[in-house]
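Please read the following briefing alongside the sequence and the coordinates.

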Amino acid sequence: FTTYYMATINNYRARSRLEIDSVRKIIFGKHVFQAMDRIWRTLSNDSLFRHPRRELSLDEQRKLSFSLVKRLIEYDFISDEEILSTPGAGAGYILAFNPYDSSPFATINLHKNVFVTAIQSMGSRRHAHFIEKTGNLEYFGCFALTEISHGSNTKAMRTTATFDKNTQEFVINTPDFEASKCWVGNLGNLATHAVVFAQLYTPDRVCHGLHAFVVPVRDPVDLSPLPGVLVGDMGEKLGQNGLANGFVQFHHVRIPRENLLNRTGDVTSEGIYSTPYKDPNKRIGATLGALSQGRVGITIMSVASLTSAVVIVVRYSASRRQFGPTDKQEIPVIEYQMQQWRVLPYLAATYAVTAFSVWMYEQYTQFLFSLVMGEKQPDLGREFHAISSSSKPIASWLARDGIQECREACGGHGYLAVNRLGQLRNDNDPNCTYEGDNNVLLQQTSNYLLQLLADKRRGQPIKSPLGSTDYLDGYQSILSMTASTTVDQKETLNGQDALLMYQWLVSYLLIESDKKLKHQLAQGKDPFTAKNDCQVYLCRTLSIAYIECFIVSHFVKLVKKAESEKESSASVLARVCDLYALWSLEKHMSILYQGGFCIGRFGQKVKDAIIKLCSELKDDAVSLADAVAPPDAILQSPIGMSDGEIYKNMYQAMLTRPGALERASYWKEFTEKPVPGSKRDDIIRSKL
C-alpha cells in the first residue's frame, strides 16, 4: 500500500570515474584495507554483532560491550606478527571496528594497546609477565593518569609513590580525595591492574617527578578490590556507555620495587634514583612520546566516526528528492549547491585525515618498536607529541562539526536514533576531551614550534625527524611571498597552491606569536602569564594551521605518487585534495589578508574554487563514499544503506521496532482527565 520512489543512487555510481579498489589502495594501503575487509566480513556474519533493536540499560550496555571484547580477543584479527610486518594494520583495526560501536573498541584498545603499550614502551624485560597475562584477560588493564583536581596539568598530579628501602617496595598513596584517579576507562567494574602515574619519592624525600607504576587494583579471580584500594564506577555518561570509566584511591598500597616502569628512570635497592637522560626535559620528551599512543588512536577513531556520518549523508543526499524545476519533477538534494557545499568538504576531509592518520599510526608504531628495543629518540618523541597534540583536536573537532552538519543535512530523518547519527555524535564527543582537552593540547604544539624558532635564532636549523616543520627553516623567504607573486595569476587554485599558502600562514603565525610573547614579557609579565595571554588568535591558531598544513602536505604527496604510478583514480583524488586544502584554508582567509599575503578579491577566488570543486565532485560523491564505507551490517543506518532505498528501509525500521504498534503502557492514565486549575491554590508564591 506504499509506493517507494526509485532510488537514484546507482545513477551516480554509473556516472563516476572512480575505481574503488584503486582509491582504497591509495588512501588506506593494500594491507590495511585487507585487514579492514577481513574484520568487516567476519563481524557481518556474527550474530553477536547485530545492533540491539531496543534501548539497553547501562548494565546491559556494559555486559554486551564486554561480550564483544571477549569475542574480538577470540578472533585475534591482527596478531603481533602482523603488526610487526605491517605496522599500519592496527589503524585498519580501528577504522574497521569503530563504525560499529566505539565502546567495545575503546575497551579493548585501552587494555590491549594503551595499557600493554605503556608497559612495553616505558618498562623493560622485568615487566614481561604482566603482558603475558593480558592476552586471555587473566589481567585486565587500564591507564590511570587523570585526577579529580588535575587533568591536563600532569606535572601537578598528586598521587605519590614513595620507596621503602627496608621492604623494597613503593608505597602508592592518594593524599586526599582531590588526588583520586578518575575517568579511567575499564576501571569502573572490570580492570584488575592499572598503569598509575605518581610522583616518585626516594628515601631522601627528593621528588623525581611523574613516573609510571603497575598497580594491582582487583583480585583477578573474583574482581573484589584489593586491600587499601577504594575503586568504583563513575556512572552514566553522555555517550560511550559501554565503556566503564572508574575512580580509585590508594591508601598506602604497597607494590614491589620492580613494578616501576623503568625505561626512563629507576631506583636501586639502596634507594638511589638513576636515569639515562641527563636533561630532564629529554626524559619528559621520551615519556611524552610514549604517551602519544592514545592521541594517535583518538585521531583515527574520530575520522572513523566522521566517515560513517559522511557515508550516510552522501547516500541519503543522492536518494532524497525534494523540489525541482517543475512541480512534477523533483531532483536529488545532492544536486543543490547548498547541499554540496555543506556535505562534500567533509567527504574530502574524511579522505585527507584518514590517509594522514593511517600514515601517522604506522610511523608511531615503528617509533614504539624502537623504544621497546631500547633506542633513544627524544627528538622524534617530541615531534610525535606535537603532532598528536594537534591531530587529536583537529580530527575530533572536525568529526564533531561534521557529524552535526551531516545530521542536519539529513533533515528530520537524521534525528531518528535508528539512523545512528546521534550515536556517532555522542560517542565522538569525549574525543574532544580525554587524553587532553583540545585547547590545552594545542598549547603543547605551539610551545614546540616556538622552541624550534628560538633554537633557529641560536644558529640551529629547523629540522624534524618526520619533516613536519622543515619548511620553517626558510620562514624568512616564505614570508617574502605574496599571492600576486605566486598564485594569484593562476586561473584555478589547487592543493599545491593551498600548501604554499599554508606554509606562509604557519610562518606568519609563528613570528607573530613570538612577537606577542616577547611583548608580553617586555611589559613585565611573568612567563606563565605572558604565554597565557598569547593563546587566542595566535598560538592556538598557529597549532591548528601547523597540523592542517602537514595533513595537506601528506595528501598532496599521496596524490602526486598516485599520478606518477598512473593510478586510475588519481585525477578524482586530486580534486578531493584540492577541495580539502582550499576549504580548510578558507577559514584562515582573514589572517592571509591581515598579514599582507593577499589583497582585493583573492578571497573570492578561493571561495569560487571551493564551489566549483564541489560541483565537479558531485557525480563521484557516492562512489567516494562507497570506497570508505563499512558494510551495511556494520553501518546499520536505514537512510545510509548502500541500496539507496531510504524510505523503504526507514519505514521497515519503524514498523519492526519493538512496541512500535502497541498502545502505550500507561494508556489508562489517558482516561483520567485533569481538571484545569484545580491545583492553582497550591502554587507557591514567589518572595521576590
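Thr-365 is found in helix H10, which spans residues 337–372; helices (H or I, at least four residues) and strands (E, at least two) are DSSP runs, numbered from the N terminus. This is a predicted model, in which local features need pLDDT of at least 70 and side-chain atom pairs count only at pLDDT 80 or more, while totals for chains, interfaces and linings use all residues. Residues are numbered from 1 along each chain as its sequence is written, and side-chain values use heavy atoms, with hydrogens and water left out.

**Individual residues**

- Thr-365 is buried, with a relative accessible area of 8%, where buried means under 20% relative accessible area, exposed over 50% and partly exposed in between (1.4 Å probe, protein chains only).
- Not counting residues up to four places away in sequence, Thr-365 touches Ile-83 and Pro-87, contact being defined as heavy atoms within 4.5 Å.
- Leu-243, placed in the loop between strand E7 (229–233) and strand E8 (245–250), is buried at a relative accessible area of 3%.
- The C-alpha atom of Leu-243 is separated by 8.7 Å from that of Phe-66, although the two residues are 177 residues apart along the chain.
- Once its neighbours within four places in sequence are left aside, Leu-243 is in contact with residues including Arg-62, Ser-103, Leu-110 and Lys-237.
- Ala-156 lies in the loop between strand E1 (141–144) and strand E2 (160–164) and is partly exposed, with a relative accessible area of 21%.
- Beyond residues up to four places away in sequence, Ala-156 touches His-150 and Gln-199, whereas Ile-387, 231 residues apart from Ala-156 in sequence, is 23 Å apart in space, C-alpha to C-alpha.

**Aromatic rings and charges**

- The count comes to 21 aromatic pairs, under the rule that rings of Phe, Tyr and Trp (its six-membered ring) pair if their centres lie within 6.5 Å, with planes under 30 degrees apart counted as stacked, over 60 as edge-to-face and the rest as tilted.
- Tyr-93 and Phe-105 form a tilted pair, at 5.9 Å centre to centre and 45° between the planes.
- Because Tyr-93 lies in helix H6 (residues 89–97) and Phe-105 in helix H7 (residues 102–122), this pair ties together parts that are twelve residues apart in sequence; both Tyr-93 and Phe-105 are buried.
- Trp-504 and Tyr-508 form a stacked pair, at 5.0 Å centre to centre and 10° between the planes, and, being four residues apart in helix H16 (residues 495–522), they are separated by about one helical turn.
- Trp-504 is buried at a relative accessible area of 1%, and Tyr-508 also counts as buried, at 11%.
- Phe-28, Phe-33 and Trp-40 are linked into a cluster by ring pairs.
- The charged end of Arg-663 sits over the ring of Trp-667, 3.8 Å from its centre, where such a placement requires NZ of Lys or CZ of Arg within 6 Å of the ring centre and within 35 degrees of the ring normal.
- The charged end of Lys-673 sits over the ring of Phe-670, 3.4 Å from its centre.
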